[in-house]
Amino acid sequence: MTNIAIFVSGSGTNCENIIRHFSGHPTVSVKLVVSNKADAYALVRAQRLGIPTAILPKPQFNDEAMLMPLLSKYDIDFIVLAGFLLMTPPFLVEAFEHRMINIHPALLPKYGGKGMYGHHVHEAVYNAHETETGYTVHWVSNVCDGGEIILQHRTPLTADDTPDTIAEKEHILEMKYFPTDIENIINER
């Protein structure tokens, strides 16, 4: 059994989708949801689905003596960053090398890095008049959005798209494919 922890900072639609996908799965189980924000709605979603949650604000998240025992308590083998807005500390990157992935709402290497999250990304895609968007799944490294790209899903854009419709199109891709992406990545390790 591969035990997953999901790290979140926001509303948690991806988090809920992942939990539902792996509910009753024979070889993968979501064991823990961790957020740096006490008001992240993802925590409510996880609790409603019976998944334990933990709140670790940035100082505690960056404290190896706090984070690593928590992950050990739930026997975590694999970490999924799904809308998590903190940089992961080097000790965690090292401990979970090629066992920690991030989803980014653009086709990296474009529109990645510090400050490029959520609506900021979709506005940048819009302002650049891109003809497609999508999301990227990559291994987490010590460089913001700089880890090795594992896969990307794409969708076309039109001249009529706005930042909001770009966000909607990208989100549809996430809901459709991300849980299966996680499953495939785990199975191929």
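Contact here means heavy atoms within 4.5 Å. The model is predicted.

**Threonine 88**

Threonine 88 sits in the loop that joins strand 4 to helix 5. Its relative accessibility is 6%, so it counts as buried, the limit being under 20%. Which residues does threonine 88 contact, leaving aside neighbours within four places in sequence? They are Phe61, Leu81, Val93, Met100, Val140, Ser141 and Asn142. One of these, Met100, belongs to strand 5.

Strand 5 spans residues 100-104. Five of its five residues are buried, so the rest of the structure largely encloses this strand. In a regular strand, side chains alternate between the two faces of the sheet. In strand 5, Met100, Asn102 and His104 point one way. Ile101 and Ile103 point the other way. Both sets are buried.

With strand 4 (residues 78-81), the sense is parallel, over three bridges. Methionine 100 in strand 5 is the bridge partner of isoleucine 79. With strand 6 (residues 132-139), the sense is antiparallel, over four bridges. Here histidine 104 stands opposite threonine 136 of strand 6.

**Helix 6**

Helix 6 covers residues 118-127. Its buried residues are Val121, His122, Ala124 and Val125. Viewed down the helix axis, they fall within an arc of 160°, so they line one face of helix 6. What do these buried residues pack against? They pack against strand 5, strand 6 and helix 7 (163-188). Histidine 129 follows helix 6. Its phi is positive, near 55°.

**Cysteines and accessibility**

Zero disulfides turn up in a search of the whole structure.

| Residue | Relative accessibility | Class |
|---|---|---|
| Cysteine 15 | 0% | buried |
| Threonine 88 | 6% | buried |
| Cysteine 144 | 30% | partly exposed |

Definitions and conventions: Residues are numbered from 1 along each chain as its sequence is written. This is a predicted model: local features need pLDDT of at least 70, side-chain atom pairs count only at pLDDT 80 or more; totals for chains, interfaces and linings use all residues. Side-chain values use heavy atoms; hydrogens and water are left out. Buried means under 20% relative accessible area, exposed over 50%, partly exposed in between (1.4 Å probe, protein chains only). Helices (H or I, at least four residues) and strands (E, at least two) are DSSP runs, numbered from the N terminus. Two strands pair if DSSP finds at least two bridges between them. The arc is that of the directions from the helix axis to the C-beta atoms. A disulfide is a pair of cysteine sulfur atoms within 2.5 Å.
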